[in-house]
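The tour below goes from one selection to the next and says what is found at each stop.

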Amino acid sequence: MTEQDPKAAAEAPKEAAAPAEKPARHGPPIVIAEEVLNERGEQTAAQLASTLGTLVLDSAGREDNPWVRVDAKELHAAAKKCRDGEIGMDMLNLMLAVDWVDRIQMIYVLYSTTNNRKVILKADLPAESPAIDSLTDLWEAATWYERETHDLFGVDFPGNSDMSPLLLYEGFEGHPGLKSYPLNDYEEW
Amino acid sequence: MTTESQFETVDMMLNMGPQHPATHGVFRMVLKVDGEKVIDVIPHIGYLHRGTERLAEVETYGQVITLFDRVDYIANLNNELAFVRAGEQIMEVEAPERAQYIRVILAELNRVASHLLFIGTYAIDLGAMTPVMYGFRERERIQNLFEHVTGARMMHNYMRIGGVKADVPDDFVPWVRQLIGEVRKGVEECDKLLSTNEVFLGRTRGVGVIDGPTAISCGLTGPSLRGSGVAYDVRKDDPYEIYPYLNYKVPVGENGDCWDRYYLRMLECYESLSMIEQCLDQFPEGPIMAAGRRIARPPAGEVFSHSENPRGDLGVYLVSDGTDKPYRVKIRPPSFCNLVGLATMTRGSYIADAVAILGSLDIVLGEVDR
Amino acid sequence: MNVTLSDTITLSVQLFALFNVAALAAVSLVWLERRFLGRLQGRPGPNRVGPLGLLQPIADAIKLMSKEDVAPGSSQRLLFYAAPILVFVPAFVVWLTFPLARDVVVRNMDMGLFFFVAISVLSIVGLVLAGWSSNSKYAILGGFRAAAQLVSYEIPIITMILIIGMLSDSLDFVKVVDAQATIPFIAVVPLAFVIFLIAGLAEVGRTPFDIYFAESEVVGGPFVEYSGAHWAIFFLAEYVNTFVIGILGALLFLGGWRWPFGADLPQVASVALLMGKAYFIVLIIFWIRGTYPRMRIDQLMAMAWKWLIPLSFVLFLAAAFQLKFEWPWWVLTILSLVILVVPVIVQSRKQRNPALELAARYAANAIVVQAKPRPAPAVEDAPVVTPAAEGTSV
Amino acid sequence: MISGLKGMLVTLRWLGKKNITANYPKEHLPVQERFMGFPGLLWDETAEEPFCTGCMVCVRECPTQCMTAIMHDNPNAVEGKSHRRKIIETFEINLNRCILCGICVDVCNFDAIAMSHEHELASFARTGARADLGLLLDLGRKFQTEVSWAPKGADRNVASVVLAKRAAAEAAKAEEAAAEAPTEATPASEAPVAEKAEKQEGGES
């Protein structure tokens, strides 16, 4: 910002360029360990593992967000266990799809308002005609998330009764969330 | 009364929006009404769908911040904070303390500004036209401060991954202290004018009731959820930035009606102001940007971080593939989730209540549609 | 009755003058409302056209007249265009009998009060018709709301007028005013004035009773499809009606053109005094608009049928007893205050303002989050004034 | 009832208070010092030319791609009046697309662009919002005089300072009688190039 107070700006010039001044201008780097659960996350992960048992295909996590990957067919069962089990994930906080081109990954962030823990469920779907069981019978919040995901990624949710377009208009062609959907540039006058 | 069996009655579908004074932008709801009674509500969204999430995939991390300014255009700094925090997690840096204080002060101020706007527009929804002027007056003061600090009144682009763009001006602390006094007076004025007004109570008490478990199932967050008696506040339950070092109260409602949702926001204004005061007391000196000149390319990975927006739990799920552009950004828009509960709340009430309920959810369409 | 040419001409001139007075009063109200609300809200209000924005209503009128008049394709054209007239004409016709001072009146009737009641009800027809003929869902909702609301609130307002008629022993406006030579009726029956004001607000659809054209619900109600000049007519009629409530209140309760203690003033001063009183009532109406939110239709109906109508009947009885047994006038004042205060106390005993208690409880029961001790700041003690962040994260 | 009357007192109290609104077109509220209006290009008084060298960093970093720029050889540099060997030839900002985010200012290494205080540009023409070099320089110069703007990196961007430094260095070298080193290698002229390279590496790749 050039319109910053001129005093500091006038003082700055020489020092700013000098590499010796850098540590003073910026604080010490604080490195957070990568893909490592903290203590709280470990607890949640353990609880989650015991809840889901054999459903878990794969698991890791970051900070206090442990994630598990389950089979797409088992996802509903896993989500139900998470909701009703001791872990008590009563809120579907977020649901999203990630287009990895060769597959579409569904990610469900579950939250427990009773003990304030988050877990993340993941399930891989094939890129061709992806479909996964709807969670609308478990959480009402899933209705709109699923419609949105259906709009943007073309994921089908058997079990969700209303799959009309939510964000896009009726009759919109294609799924703009996918990486393959072109980001058209419009003609500017 | 035998009329219902004798005559064939057809429910009227009443279309509200996208151009309707009370739908807060371009929200549309189709009300199925029987006379004045609302039987069902079918919400329609997407009129403001700008593809923010997809756009974020083709812009660098620094540029995405400008997009987040525009997601919820009433609480811009809170949104910036949400993205910047996700970015910091994935870049594995942490902002210096002073930067965190600046961010929290500004975010809380923005929360107050957003709530003031809510109070004003809610009063307009209910037919009172004065509170909006009082609310805007105070919001304007806050925006003047934002202009002084960030250079912009609404679209700030001020927070950075690893800190903030520029240090606050020298007169920041006294300015904010004075501002808090003025804003508190203004909030009190709105409070006196509206909160206990009998007509206002008649319009909001017992209207749009939603109980705790249903609210959780619908994904309601923020004051809308706390009104139903669920004490879920990200600042309290999943503390971030410097919130753990502050004393504050999280007001929780009991009835889950419109008045609770409204009044909790009013109380939150007071709480936010006192939090800012504490921040100013603790305001440290120091750098405002984390070390490392270019914080541009994170390692591959994914993070989920969430923070408390004025409207609720704003989550950002960030997937990085190791390039300088995010691979996928997913926003958890609190307004979007709060709207899921709209139909449940509105069924069985009057048309006028539908307006009151929609207003009490405090939606921002930019965020709902993204 | 023999009508001569000169009578006709006189009447025409009088009617023309009356029309102008009423229209001018309405236009002045438009300006006054906007300026007054502006003041209440800390802003100036219209201030561009003319000094103090005085010509703003004129500019608005010109704009409205020059606008294209759009009618919905599916509307009933004839009724659609007749409806504004049906609302507009009664609003002006009631002015025929209003004496602005002694002898400053088009036609003073013995049945002036009755004439007012009979004519003012007619505007409901116009509103319902406007709602129905627009063929719009908002309009029909608004029309039905208007019908329900106006019919309900006719009863208390008529009862109040009846009480005044009983007290002054006449339905003639001049005699009503003369009856208040020493004590205005607001002192005799304060409750009647309160009921009159509330019912009057509802009659003309001002906040908090602007339910039938609530912008945030039915987007203008019966008027939603109107534009240009036709809408302007509705708008004018609304303000004329507001002023009618002001004048009526001044005539019936505030002693009309009479200063409470004394003889008649000169004619011009009389008119000015009456107008001043009318504007005072109108300002109260605007003030209420600047403060209150809108009620809901069921609450509005409940208020009429559960509160205002029973109260007005009780008051009617009290007035009847006072007249029958020839009690001094202050007995009625006390009775009227008792009738006002007792139900309010009973009601508030039964149900105190719930918000006060709730608000206190929410503030007290909030979950307290205690601050953790802040870790000691980094050893780097040199306070650094950071220059603009050159090394941004871009 | 009582609370409603209290509310009426609140509104009544405002009758005597001053207006809080400004009479807009007659009365313009001052903008704050940091206010970000439309971007303007700054003018190097010492060399009578813009600071901008057309390095394209801002064009690349703009989130809305609202800028275009073309550089050419600087005639002033040939004459020795300036240290900039390249200078901006055309610069266009589509202000309709510009979102006033200030990223261009952050990334500029030459102190060439600033967010001016101008925020009331309106035009009747459809292309009126396309600001060309002339308008941008006008905005920048107006801004410079208004706020007495000072360049952040005066030592490497202001022509007279750089030239003086170069002259001093050359004089020193001449004194040492070691005149073999070409002028390009002096640290002052190298700094912007190094900056640019670094930025390019970070932002673009």
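## A strand pair across two chains

Begin with S6(B) and strand S1 of chain C, residues 367–369: these two strands pair in the antiparallel sense over three bridges. Within this pairing, select Tyr248(B); the residue opposite is Val369(C) in S1(C). Keep in mind throughout that this is a predicted model. Strands of a sheet pair through backbone hydrogen bonds, either parallel or antiparallel.

## The rest of the contact between chains B and C

Next, show chains B and C together. The contact involves 75 residues of chain B and 54 residues of chain C. About 5,500 Å² is buried between chain B and chain C, with carbon and sulfur atoms giving 59% of that area. On the chain B side, select Met129(B), Val199(B) and Tyr245(B): these residues lose the most area to chain C, and together they account for 10% of what that side buries.

Now look for charged pairs. There are four salt bridges between chain B and chain C. To see a salt bridge in this contact, select the side chains of Glu36(B) and Arg145(C), which meet at 2.5 Å, N to O. Polar contacts between chain B and chain C number 15 residue pairs, counting those with both residues at pLDDT 80 or more.

Which elements of chain B supply at least two residues each to the side that touches chain C? Colour these in turn:

- the strands S1 (12–16) and S6 (248–250) of chain B;
- the helices H5 (97–125), H6 (130–150), H7 (172–195) and H8 (198–204) of chain B;
- the helices H12 (258–282) and H15 (351–361) of chain B.

Colouring by residue class instead, the side of chain B that touches chain C shows 43 nonpolar, 16 polar and 16 charged residues.

## A three-stranded sheet in chain B

Stay with chain B and select S1, S2 and S3. They form an open sheet of three strands in the order S1-S2-S3, with antiparallel pairing. S1(B) and S3(B), the latter covering residues 37–44, are the edge strands, each pairing on one side only. Neighbouring strands in this sheet are turned against each other by 25° on average, direction ignored.

Walk across the sheet from S1(B). S1(B) and S2(B) run antiparallel and are joined by five bridges. Here Met13(B) stands opposite Lys32(B) in S2(B).

Move on to S2(B), residues 28–34, which runs antiparallel to S3(B) and is joined to S3(B) by seven bridges. Two opposite pairs can be picked out between these strands: Leu31(B) faces Val41(B) in S3(B), and Arg28(B) faces His44(B) in S3(B).

How many residues lie between S2(B) and S3(B) in their hairpin? There are two, and Gly35(B) in the turn has a positive phi of about 65°.

## Where chain D touches chain B

The contact takes 32 residues from chain D and 36 residues from chain B. Between them the two chains bury about 2,700 Å², with 45% of it on carbon and sulfur atoms. Select Val10(D), Gln32(D) and Arg34(D): they supply 23% of the area that chain D buries against chain B, more than any other three residues.

Two salt bridges are counted between chain D and chain B. For a salt bridge in this contact, select Glu189(B) and Lys17(D), whose closest N and O atoms are 4.0 Å apart.

Four helices of chain D, namely H1 (2–13), H2 (57–61), H4 (103–107) and H8 (187–203), each supply at least two residues of the side that touches chain B. The largest share of that side, seven residues, comes from H1(D). By class, the side of chain D that touches chain B has 13 nonpolar, eight polar and 11 charged residues.

## Last stop: a sheet in chain D

Finally, select S4, S5 and S7 of chain D, an open sheet in the order S4-S5-S7 with antiparallel pairing. The edge strands are S4 (67–73) and S7 (130–131) of chain D, each of which pairs on one side only. S5(D), residues 86–94, pairs with S7(D) in the antiparallel sense over two bridges. Ile93(D) stands opposite Ala131(D) in S7(D).

How values were computed. Residues numbered from 1 in each chain as written. Chains lettered and ligands numbered in written order. Predicted model: local features only at pLDDT ≥ 70, side-chain atom pairs only at ≥ 80, totals over all residues. Heavy atoms only, no water. Contact = heavy atoms within 4.5 Å. Buried area = accessible area lost by both parts, 1.4 Å probe. Polar contact = N/O pair within 3.5 Å; in protein donor to acceptor, adjacent residues only side chain to side chain. Nonpolar A, V, L, I, M, F, W, Y, C, P; charged D, E, K, R; others polar. Pairing = 2+ DSSP bridges. Axes fitted to C-alpha atoms, helices over the stretch in contact; angles between N-to-C directions.
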